[in-house]
Amino acid sequence: MQNWDALNLKKIDHRYSIFNIILGAIATFIAGQSIVLEKAPVGTWRNMTTISSLFALGATVASGLHKQLASPDLLAEASQCVAKLKALKVETISSTFEVEKVSEEYQQILTEFSKIDC
């Protein structure tokens with residue numbers, strides 16, 4: 001199973017969103033050029049539709065990977081993990097904190113969020 005940290009999840013989410021938008025836009029542009037110009041700008045009409053469909057396929061794959069790797073559930077879980085770790089950090093500001101208690105809470109957070117690299 002892959003472990004993810006919050007920063008990497010945000011980068012992946014952003015990257016796949018951009019790939020999806022760009023590849024879809026290129027596919028639309030190429031297909032539109034064939035219609036607007038009433039002929040294929042490069043090669044035959046068949047070549048242009050093939051190229052356009054490959055970019056559309058790339059957009060579909062990017063979208064699918066985006067849903068798998070950077071799902072909102074995983075991002076929410078990473079945010080919860082970070083929030084709990086920050087709360088634990090605040091607890092340790094006091095010079096009278098109990099090391100054993102904080103250590104137990106830390107281990108519990110790591111266990112609870114095992115899919116996330118907190």
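Let's start at lysine 84. Its relative accessibility is 36%, so lysine 84 counts as partly exposed. The cut-offs, with a 1.4 Å probe and protein chains only: buried is under 20% relative accessible area, exposed is over 50%, partly exposed is in between.

A word on the source. This is a predicted model, where local features need pLDDT of at least 70 and side-chain atom pairs count only at pLDDT 80 or more, while totals for chains, interfaces and linings use all residues. Residues are numbered from 1 along each chain as its sequence is written, and side-chain values use heavy atoms, with hydrogens and water left out.

Now the partner. Which residue forms a salt bridge with lysine 84? Glutamate 112 does, with the closest N and O atoms 3.1 Å apart. The criterion is a Lys or Arg side-chain nitrogen within 4 Å of an Asp or Glu carboxyl oxygen. The two ends lie in distant parts of the chain, 28 residues apart: lysine 84 in helix H3, glutamate 112 in helix H4. Glutamate 112 is partly exposed, because its relative accessible area is 42%. A search of the whole structure gives one salt bridge.

Next, the overall layout. The protein has four helices and zero strands. The order from the N terminus is α-α-α-α. These are DSSP runs, numbered from the N terminus: helices are H or I with at least four residues, strands are E with at least two. Take contacts between residues at least 6 apart in sequence: 71% of them join residues at least 24 apart. Contact here means heavy atoms within 4.5 Å.

On to the inside. Of 118 residues, 21% count as buried. The largest nonpolar core has nine residues: Leu9, Leu74, Ala78, Cys81, Leu88, Val102, Ile109, Phe113 and Ile116. H3 gives the largest share, four residues. A core is a set of buried Ala, Val, Leu, Ile, Met, Phe, Trp, Tyr and Cys residues joined through side-chain atoms within 4.5 Å. In soluble globular proteins, nonpolar side chains tend to be buried together.

Beyond its neighbours within four places in sequence, valine 102 contacts Leu88, Glu91, Thr92 and Phe97.

Outside four places in sequence, glutamate 77 touches Glu112, Phe113, Lys115 and Ile116.

Aromatics next. The structure holds one aromatic pair. The ring centres of tyrosine 16 and phenylalanine 19 are 6.2 Å apart and the planes are at 80 degrees, so the pair is edge-to-face. Rings of Phe, Tyr and Trp (its six-membered ring) pair with centres within 6.5 Å; planes under 30 degrees apart are stacked, over 60 edge-to-face, the rest tilted. Tyrosine 16 and phenylalanine 19 are three residues apart in helix H1 (residues 6-36), so about one helical turn separates them. Tyrosine 16 is buried at 16%. Phenylalanine 19 is partly exposed at 40%.

Last, the outside. The accessible surface is about 8400 Å², and 61% of that belongs to carbon and sulfur atoms. Areas come from Shrake-Rupley with a 1.4 Å probe; for residues, only the protein chains shown count as cover. Leu54, Leu57, Val61 and Leu65 form a nonpolar surface patch, about 350 Å² of accessible area together. Patch residues have over 30% relative accessible area and no salt bridge; like charges are joined within 9 Å, nonpolar side chains (Val, Leu, Ile, Met, Phe, Trp, Tyr) within 5 Å. Leucine 54 sits in helix H2 (residues 45-69). Leucine 54 is exposed, at 53% relative accessible area.
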